[in-house]
Amino acid sequence: MSLMNKIAEKASKLKVGTWMVTLTKKLPTSDPLLTREEERRDWECVLSIKKLMSWGMATVHIHRKIK
């Protein structure tokens, strides 16, 4: 099981309306390409933007818990 899947598993226990920020990768349970069954998607990716970090460019994904 990948690290992001482990994080998504723990995050599934958070309250609806919770916000989470990830860098580079989206939560798998927010990405329709990774979690094809809509009823299993409990997060939505509200915004993805590229930002300059101290180590270089990174994609910042802002998620909101919807289920």
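This is a predicted model: local features need pLDDT of at least 70, side-chain atom pairs count only at pLDDT 80 or more; totals for chains, interfaces and linings use all residues.
Visitor: Let us start with helix H1. Which of its residues are buried?

Guide: Helix H1 spans residues 3-11, and its buried residues are Met4, Ala8 and Ala11. They cover an arc of only 65 degrees around the axis, so they sit on the same side of H1.

Visitor: Which exposed residues does the face turned away from the buried side of H1 carry?

Guide: That face carries Leu3 and Lys10, both exposed.

Visitor: And what covers the buried residues of H1?

Guide: The cover includes three strands: E1 (19-23), E2 (43-53) and E3 (56-65).

Visitor: Now the strands. In which sense do E2 and E3 pair, and over how many bridges?

Guide: The pairing of E2 and E3 is antiparallel, over 10 bridges. The two strands form a hairpin, with 2 residues between them.

Visitor: Next, valine 16. Where does it lie?

Guide: Valine 16 is in the loop between H1 and E1.

Visitor: Is valine 16 buried or exposed?

Guide: The cut-off for exposed is over 50% relative accessible area. Valine 16 has 56%, so it counts as exposed.

Visitor: What does valine 16 contact, beyond its neighbours within four places in sequence?

Guide: Its contacts there are Lys65, Ile66 and Lys67. Lysine 65 is 49 residues from valine 16 along the chain, yet their C-alpha atoms are separated by 5.0 Å.

Visitor: Is threonine 35 buried or exposed?

Guide: Buried means under 20% relative accessible area. Threonine 35 is at 5%, so it counts as buried. Setting aside neighbours within four places in sequence, threonine 35 contacts Pro28, Thr29, Arg40 and Arg41.

Visitor: Last, the largest pocket. What is its volume?

Guide: The volume is about 190 Å³.

Visitor: Which residues line the largest pocket?

Guide: The lining is Met1, Asn5, Ala8, Glu9, Ser12, Pro28, Thr29, Leu34, Thr35, Arg40 and Asp42. Pro28, Thr29 and Arg40 are in the lining, and they are among the contacts of threonine 35.

Visitor: How does that lining divide into nonpolar, polar and charged residues?

Guide: It has 4 nonpolar, 4 polar and 3 charged residues.

Technical notes:
Residues are numbered from 1 along each chain as its sequence is written. Side-chain values use heavy atoms; hydrogens and water are left out. Buried means under 20% relative accessible area, exposed over 50%, partly exposed in between (1.4 Å probe, protein chains only). Helices (H or I, at least four residues) and strands (E, at least two) are DSSP runs, numbered from the N terminus. The arc is that of the directions from the helix axis to the C-beta atoms. Contact means heavy atoms within 4.5 Å. On a 1 Å grid over the protein atoms alone, a cavity is a set of points where a 1.4 Å probe fits but cannot get out, and a pocket is an open set with protein on both sides within 12 Å along at least five of seven lines; lining residues have an atom within 4 Å of a point. Grid points are joined across faces, edges and corners, and a volume is the space filled by probe spheres set on the points. Ala, Val, Leu, Ile, Met, Phe, Trp, Tyr, Cys and Pro count as nonpolar, Asp, Glu, Lys and Arg as charged, and the others, Gly among them, as polar. Two strands pair if DSSP finds at least two bridges between them.
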